[in-house]
Every structure is written in C-alpha cells, then in structure tokens.
Amino acid sequence: MTQNKERQYKVSRDATAGWEGEHQLIHTQSSSMRLWENEEPADTADKQPKTNDYDTLGYVIKGRVELLIEGQTIDLREGDSYLVPRGVEHTYRVAETLTAVEVTTPSTYRPPSHEQG
C-alpha cells in the first residue's frame, strides 16, 4: 500500500477483506470502492431485500446478475453499470459467476479488526 500520512493512493485488491465478503479497495471519508470477485449464484440464493444508507454505483466486469429494485428485475451483464440509491429496497441474485466493482457514497469502509485502535 502506498500512502502519505493522511491519504492512501494505492491499495492492492487483496489488501483487505470486507464484512460482506467483498474486497475493500481505495476509500476516503466520503466514498469507497469495493470489488465483488467470482461471486457464485449460491452466494446470493437466500439474499433478502434491504435498504442502505448510502448510494451504490456499480459496473459489471464479467458474469450476470439480476438486480431486484422497486418492483423491477434488471438483468445486468458484462459492461453494464447500475445505480442503487440510498433508502431504496433492493436485492440481487447472481445468475452467472460475477465480478463487479462498486463505489459507495458515503464510504462503507470498515477497517479490519487488526487496523482498529
């Protein structure tokens, strides 16, 4: 990881594992980036709808996922981008092994337990 005393300028994709199984990438106080890598259909089979207190902007790198949001089922494939606004109930189902990157605003970054004071 390359950084000055206050900012991170680079984070390796395997630097930190997130609390939902994602790879936590770069972050600031106002936003964070995460990678969902090789998510399988079984990983989301029982996923229940939820709302978040942050916006999510995403991009599908490979695979296919169905985003269920506001009564719609949106089929997302390689090259598609998506938005899940804060406060909107949603869930998703992986249909084909998925790799996607997301940016959340505000940041959802949580330091691993070994980084906490």
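Predicted model: local features only at pLDDT ≥ 70, side-chain atom pairs only at ≥ 80, totals over all residues.
User: What does the Asp55 side chain meet in a salt bridge?
Analyst: Arg86. The N to O distance is 3.2 Å.

User: How many salt bridges does the count come to?
Analyst: Six. Another one is between Arg77 and Asp75, with the closest N and O atoms 2.8 Å apart. Arg77 is partly exposed at 43%, and Asp75 is partly exposed at 32%.

User: Which residues are in one network with those two?
Analyst: Arg64, Glu66 and Glu96. Salt bridges with shared partners join them to Asp75 and Arg77.

User: What about Glu66 and Arg64, how far apart are N and O?
Analyst: 3.8 Å, and the side chains meet in a salt bridge. Glu66 is partly exposed, at 29% relative accessible area. Arg64 counts as buried, at 17% relative accessibility.

User: Switching topic. Which residues have the most contacts inside the largest nonpolar core?
Analyst: Val60, Val65, Leu67, Leu76, Tyr82 and Leu98. The core has 13 residues.

User: Which elements give two or more residues to that core?
Analyst: Three strands are listed: β6 (55-69), β8 (81-84) and β9 (90-105).

User: Take Val65. What does Val65 touch?
Analyst: Leaving out residues up to four places away in sequence, Val65 touches Val60, Ile74, Asp75, Leu76, Tyr92, Arg93, Val94, Ala95 and Leu98. Asp75 in that set also forms the salt bridge with Arg77.

User: What packs against Thr91, apart from sequence neighbours?
Analyst: Beyond four places away in sequence, Thr91 touches Lys47, Gln48, Pro49, Glu66, Leu67 and Leu68.

User: Which backbone atom does the Thr91 side chain reach?
Analyst: The backbone oxygen of Lys47, at 3.4 Å.

User: Lys47 again. What is the nearest side chain of opposite charge to Glu39, and how far away?
Analyst: Lys47 is the one, 7.4 Å away. Glu39 is buried yet has no salt bridge.

User: Where is Glu39, and what does Glu39 touch?
Analyst: Glu39 lies in strand β5, residues 32-39. Not counting residues up to four places away, Glu39 touches Val94, Glu96, Thr97 and Leu98. Leu98 is also among the core residues with the most contacts.

User: How do β4 and β5 run, parallel or antiparallel?
Analyst: Antiparallel, joined by three bridges. Strand β4 covers residues 23-27. The two form a hairpin with four residues between them. His27 stands opposite Ser32 in β5.

User: How far is Asp43 from Val94 in space?
Analyst: 7.7 Å, C-alpha to C-alpha. In sequence Asp43 and Val94 are 51 residues apart.

User: Backbone next. Which residues have positive phi without being glycine?
Analyst: Asn38 and Glu70 are among them. Phi of Asn38 is near 55 degrees, and phi of Glu70 is about 50 degrees.

User: Where are Asn38 and Glu70?
Analyst: Asn38 is in strand β5 and partly exposed at 37%. Glu70 is in the loop between β6 and β7 and counts as exposed at 61%.

User: Last one. Which peptide bond is cis?
Analyst: The bond from Thr105 to Pro106 is cis, with omega near -5 degrees. Pro106 is in the segment after β9.

Notes
Residues numbered from 1 in each chain as written. Heavy atoms only, no water. Buried < 20%, exposed > 50% of the residue type's maximum accessible area, 1.4 Å probe, protein only. Lys, Arg positive; Asp, Glu negative; His and termini not counted. Salt bridge = Lys/Arg side-chain N within 4 Å of Asp/Glu carboxyl O. Contact = heavy atoms within 4.5 Å. Pairing = 2+ DSSP bridges. Core = buried A, V, L, I, M, F, W, Y, C linked by side-chain atoms within 4.5 Å. Polar contact = N/O pair within 3.5 Å; in protein donor to acceptor, adjacent residues only side chain to side chain.
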